[in-house]
Amino acid sequence: MNTDYFEWEDYVERNLEGADLNFKEALHLFDLPLPVIGRIADEIRRSRCGELVTFVVDRNISYTNRCVSRCKFCAFYARNKEESYVLSKEEILRKINDAVDVGATQILIQGGLDPEIRIEWFEDLFSAIKREFLGVQLHSLSPPEIHFIAKNEGMSIRETLERLREAGLDSLPGGGAEILSDSVRKVISPNKISADGWIEVMETAHEMGMKTTATMMFGHIERNEDILEHLFRIRDLQNKTKGFTAFIPWTFQPKNTELYDVIKEPVPVTRYLQVLAISRIILHSVRNIQASWLTQDFDVDKLALFFGANDFGGTILEENVVTAAGKEHKPAKVEDIVKAVKSVGRPVAQRNTEYEIL
Ligand code: SF4
């Protein structure tokens, strides 16, 4: 019997006991062969979540591409005035109407950081959405946007969240986290919220009873140690607040970004699966780990269901950010997701934003 055998059982047990791995133990995971990492993550997923794979019917709406942050990994923001846009309230409502017509329950509204868009604009929009579409869950505005609105209005994070929640905001998506290590952020997004700032927004939302997700974008300049710093920050906050419903790791798409000069290709599938599995092993208190068909493809996502993922994400009826970085986007149909999951022998069900089965 080789040592890997003992190691995988030990990692599963530690996870199910809710034990925090220390940095050295976690770093060792990167040295294990991919099938071993996959086996550990798959055992944990099975014990924690069972066989059921879930998905949500959703639409992403990017309200503006005007952004003062100009992150080096971003292909989405407008490079000049001619390219820039801000969607009108009517246009956004029309997009939501189209999404609701095909069964969407979740709307993810996100955009650039634009000082001319004031908090009243969001309040007006959110309350109009809630008036017209009662059942829709507004899973919108990532921590950098909340932080930016607060600063722009001279308000605290809590006041900002309270006003937006009052207008109809239900929960926050975990975007803008990239890698929660300031040494990485200083290079790829020097004008954006710090790692502490991102955590502060999430902690405040959780304290107010708002649920959020968390993401991680890897495959650029980060080291394994930076990935662990990120995962440990998410884990530590989750141990404290229990406010994260899911974790979604996804890979950097370099085309049309400033980083393209140094990084030409996304990382290989094996690296994606490795990081996905390690996320499942370290984040013992985050129940749902989401596969990212937006940056991978359906076949990789099917594999991801055996590397720790229990959720297929959303149908994503519209997407602009990853698409701008050269990744082709075709919305998934519910039938496509159901067929893909069933083809690997797993049961599948539609969920809402809070992971309740519909
Ligand atoms: S990632 Fe977001 S904050 Fe950064 S430039 Fe793009 S739109 Fe702006």
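## Ground rules

Because this is a predicted model, local features need pLDDT of at least 70 and side-chain atom pairs count only at pLDDT 80 or more, while totals for chains, interfaces and linings use all residues. Residues are numbered from 1 along each chain as its sequence is written, and side-chain values use heavy atoms, with hydrogens and water left out.

## Salt bridges

Side chains of opposite charge can pair when their charged atoms come close. Here, a salt bridge means a side-chain nitrogen of Lys or Arg within 4 Å of a carboxyl oxygen of Asp or Glu. How many salt bridges does the structure hold? There are 26.

Let's start inside a helix. Asp42 and Arg46 form a salt bridge, 3.1 Å from N to O. They sit 4 residues apart in helix α3 (residues 34-49), so about one helical turn separates them. Helices (H or I, at least four residues) and strands (E, at least two) are DSSP runs, numbered from the N terminus. Asp42 is buried, with 11% relative accessibility, whereas Arg46 is partly exposed at 36%. As for those words, buried means under 20% relative accessible area, exposed over 50%, and partly exposed in between (1.4 Å probe, protein chains only).

## Pairs that reach across the chain

Glu153 and Arg118 also make a salt bridge, with their closest N and O atoms 2.9 Å apart. This pair links distant parts of the chain: Glu153 belongs to helix α6 (residues 143-153) and Arg118 to the loop between β3 (106-110) and α5 (119-132), 35 residues apart. Glu153 is buried, with a relative accessible area of 18%, while Arg118 is partly exposed at 40%.

Then there's Asp196 with Arg233, another salt bridge, where the closest N and O atoms are 2.8 Å apart. Asp196 lies in helix α9 (residues 195-207) and Arg233 in helix α10 (residues 224-241), so the pair ties together parts 37 residues apart in sequence. Asp196 is partly exposed at 46% relative accessibility, and Arg233 is partly exposed too, at 25%. Elsewhere, salt bridges with shared partners join Arg39, Asp42, Glu43, Arg45, Arg46, Glu51 and Arg346 into one network.

## Negative patch

Which residues form a negative surface patch? They are Glu9, Asp10, Glu13 and Glu17. Patch residues have over 30% relative accessible area and no salt bridge, and like charges are joined within 9 Å. One member, Glu13, is found in helix α1 (residues 3-16) and is partly exposed, with a relative accessible area of 47%.

Most residues other than glycine have a negative phi. Arg70 has a positive one, near 45°, in the loop between β2 (58-62) and α4 (89-101). Glu178 also has a positive phi, about 45°, although it is not a glycine. Glu178 sits in the loop between α7 (157-167) and α8 (182-188).

Are these two residues buried or partly exposed? Arg70 is partly exposed at 38% relative accessibility, but Glu178 is buried at 4%.

## Strands side by side

Strands β2 and β3 run parallel and are joined by 5 bridges; two strands pair if DSSP finds at least two bridges between them. Arg59 stands opposite Ile107 in β3. Of the 5 residues of β3, 4 are buried, so the strand is largely enclosed by the rest of the structure.

Technical notes
Patches are made of residues with over 30% relative accessible area and no salt bridge: like charges are joined within 9 Å, nonpolar side chains (Val, Leu, Ile, Met, Phe, Trp, Tyr) within 5 Å. Accessible areas come from the Shrake-Rupley method with a 1.4 Å probe; for residues, only the protein chains shown count as cover. Lys and Arg count as positive and Asp and Glu as negative; His and the chain ends are not counted. The place of a charge is taken as NZ of Lys, CZ of Arg, CG of Asp or CD of Glu.
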